[in-house]
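Let's take a walk through this model together, from its overall fold down to individual side chains.

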Amino acid sequence: MMPSRNNVATGISSSKVKYSKLSSSDEGYIDLQFKKLPTKVPYKAIALATILFLIGSLLITIGALLLSGYIDSSYSDTTWPVLIIGVLVFVPGFYHLRIAFYAFKGYRGYSYDDIPDFDD
């Protein structure tokens with residue numbers, strides 16, 4: 001007869017541990033892995049997206065007014081950089097605000113998890 005092993009950390013001998021056989025119908029899955037965890041709203045990322053959206057909108061508007069000649073500029077070479085920077089700032093702000101809006105409304109396929117969080 002073999003001596004029983006003792007679990008030193010808990011002081012329980014292995015003969016007192018009860019094991020149960022897994023059912024053959026679960027196919028290796030448990031219910032807990034399909035449970036949807038509550039998502040937290042990334043407020044800082046949404047605030048940054050709002051700021052980017054507003055700055056981009058302002059720069060696009062100023063660039064369009066400079067391009068159309070409504071605002072007279074003594075330096076006409078600044079028109080295109082203002083417009084390009086406005087577009088580059090506007091696009092990510094609009095993209096993340098759209099995801100946040102659709103996640104808030106509960107549209108299928110959109111979640112706050114799709115927005116990068118800066119709290120990590």
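## Overall fold

Helices here are DSSP runs of H or I with at least four residues, and strands are E runs with at least two, both numbered from the N terminus. On that basis, the protein chain reads β-β-α-α along its sequence, with two helices and two strands in total. Please keep in mind that this is a predicted model.

Of the 120 residues in the protein chain, 15% are buried. The accessible surface of the chain comes to about 10300 Å², and carbon and sulfur atoms account for 63% of that. Among contacts between residues at least 6 apart in sequence, 55% join residues at least 24 apart.

## Helix 1

Helix 1 covers residues 43–68, and a simple length check works well here: at 1.5 Å a residue, its 26 residues should span 38 Å, and the 37 Å between its end C-alpha atoms agrees with that. Just beyond the helix, Gly69 adopts a positive phi of about 90 degrees.

Which residues of helix 1 are buried? They are Ala45, Ile46, Ala49, Gly56, Gly63 and Leu66. Helix 2 (79–105) is included in what covers them. By contrast, Ile62, also found in helix 1, is partly exposed, with a relative accessible area of 32%. Together with Leu58, Tyr70 and Ile71, Ile62 forms a nonpolar patch on the surface, with about 420 Å² of accessible area for the four together.

## Helix 2

Helix 2 has 27 residues, and the distance from its first C-alpha to its last is 38 Å, close to the 39 Å expected at 1.5 Å a residue. After this helix comes Gly106, which also has a positive phi, near 85 degrees.

The buried residues of helix 2 are Thr79, Leu83, Gly86, Val89, Gly93, Ile99, Ala100 and Ala103, and they pack against helix 1. Leaving aside neighbours within four places in sequence, the contacts of Thr79 are Gly63, Leu66 and Leu67.

In soluble globular proteins, nonpolar side chains tend to be buried together. Here, the largest nonpolar core has seven residues: Ala45, Ile46, Ile99, Ala100, Ala103, Tyr112 and Ile115. Helix 1 and helix 2 each supply at least two residues of this core, and the largest share, three residues, comes from helix 2.

Ile115 is a handy place to look at this packing. Not counting residues up to four places away in sequence, Ile115 touches Pro42, Ala45, Ile46, His96, Ile99 and Ala100.

## A salt bridge across the sequence

How many salt bridges does the structure hold? There is one, where the side chains of Lys40 and Asp117 meet at 3.7 Å, N to O. Lys40 lies in the loop between strand 2 (12–13) and helix 1, while Asp117 lies in the segment after helix 2, so the pair ties together parts that are 77 residues apart in sequence.

Is Lys40 buried or exposed? Lys40 is exposed, with a relative accessible area of 54%, since the cut-off for exposed is over 50%.

Methods:
Residues are numbered from 1 along each chain as its sequence is written. This is a predicted model: local features need pLDDT of at least 70, side-chain atom pairs count only at pLDDT 80 or more; totals for chains, interfaces and linings use all residues. Side-chain values use heavy atoms; hydrogens and water are left out. The expected span of a helix is 1.5 Å times one less than its number of residues. Buried means under 20% relative accessible area, exposed over 50%, partly exposed in between (1.4 Å probe, protein chains only). Contact means heavy atoms within 4.5 Å. Patches are made of residues with over 30% relative accessible area and no salt bridge: like charges are joined within 9 Å, nonpolar side chains (Val, Leu, Ile, Met, Phe, Trp, Tyr) within 5 Å. Accessible areas come from the Shrake-Rupley method with a 1.4 Å probe; for residues, only the protein chains shown count as cover. A nonpolar core is a set of buried Ala, Val, Leu, Ile, Met, Phe, Trp, Tyr and Cys residues joined through side-chain atoms within 4.5 Å.
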